[in-house]
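Hi,

Here is the structure I promised to pass on. Have a look at it first, and then read my notes below.

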Amino acid sequence: MRRLGLIVLMCMAATMVASTVVAQKPLTPTQLYLEYRAVYEKAKSIEAIFPFIEEEEKAKLKALPKAQATQMWDMMKAMDNFTNVKVLTKTIKGETCVLEVEATKPDKSVVKGTVELAKKTSWLVVQENWSM
């Protein structure tokens with residue numbers, strides 16, 4: 001009976017490990033960017049977007065004095081307060097991806113943009129450019 005219990009327990013553990021591995025499947029550039037935008041829209045501080053940006057940029061931001069980082073974040077949020085972000089096209093060339101995107105401004109007009117991502121261990125946002 002103990003042996004059967006141990007076998008059942010091992011099977012359950014194997015199933016949990018397998019489902020965790022499947023759940024950690026790398027995101028596509030589109031999925032990563034849309035997840036980044038969802039976090040960005042709700043974020044209260046710049047640290048919230050760190051998992052989505054390149055290490056070099058993250059290091060620069062972490063090196064800023066707290067007051068300066070807060071001021072920069074407030075300015076970013078004031079200028080980029082778009083919602084309903086949609087990816088229109090995706091172009092992947094090697095380890096680089098360019099997304100053509102559009103979003104809704106607070107006045108309900110549409111703004112278009114370009115997003116560059118780079119593939120490191122996963123896709124990361126390099127930069128966003130919005131046409132105002």
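**Helix 2 and its surroundings**

Helix 2 has 14 residues and spans 20 Å from its first C-alpha to its last, close to the 20 Å expected at 1.5 Å a residue (the expected span is 1.5 Å times one less than the number of residues). Helices (H or I, at least four residues) and strands (E, at least two) are DSSP runs, numbered from the N terminus.

Before going on: this is a predicted model, where local features need pLDDT of at least 70 and side-chain atom pairs count only at pLDDT 80 or more, while totals for chains, interfaces and linings use all residues. Residues are numbered from 1 along each chain as its sequence is written, and side-chain values use heavy atoms, with hydrogens and water left out.

Which residues of helix 2 are buried? They are Pro29, Leu32, Tyr33, Tyr36, Arg37 and Tyr40 (buried means under 20% relative accessible area, exposed over 50%, partly exposed in between, with a 1.4 Å probe and protein chains only). They sit on the same side of helix 2 because they cover an arc of only 135 degrees around the axis, taken from the directions from the helix axis to the C-beta atoms. Helix 4 (66-79) and strand 1 (83-93) are among the elements that cover them.

Take Tyr36: leaving out residues up to four places away in sequence, it touches Ile49, Phe52, Val125 and Glu128 (contact means heavy atoms within 4.5 Å).

Now look at Glu54, in the loop between helix 2 and helix 3 (55-63). Glu54 counts as buried because its relative accessibility is 15%.

Cheers
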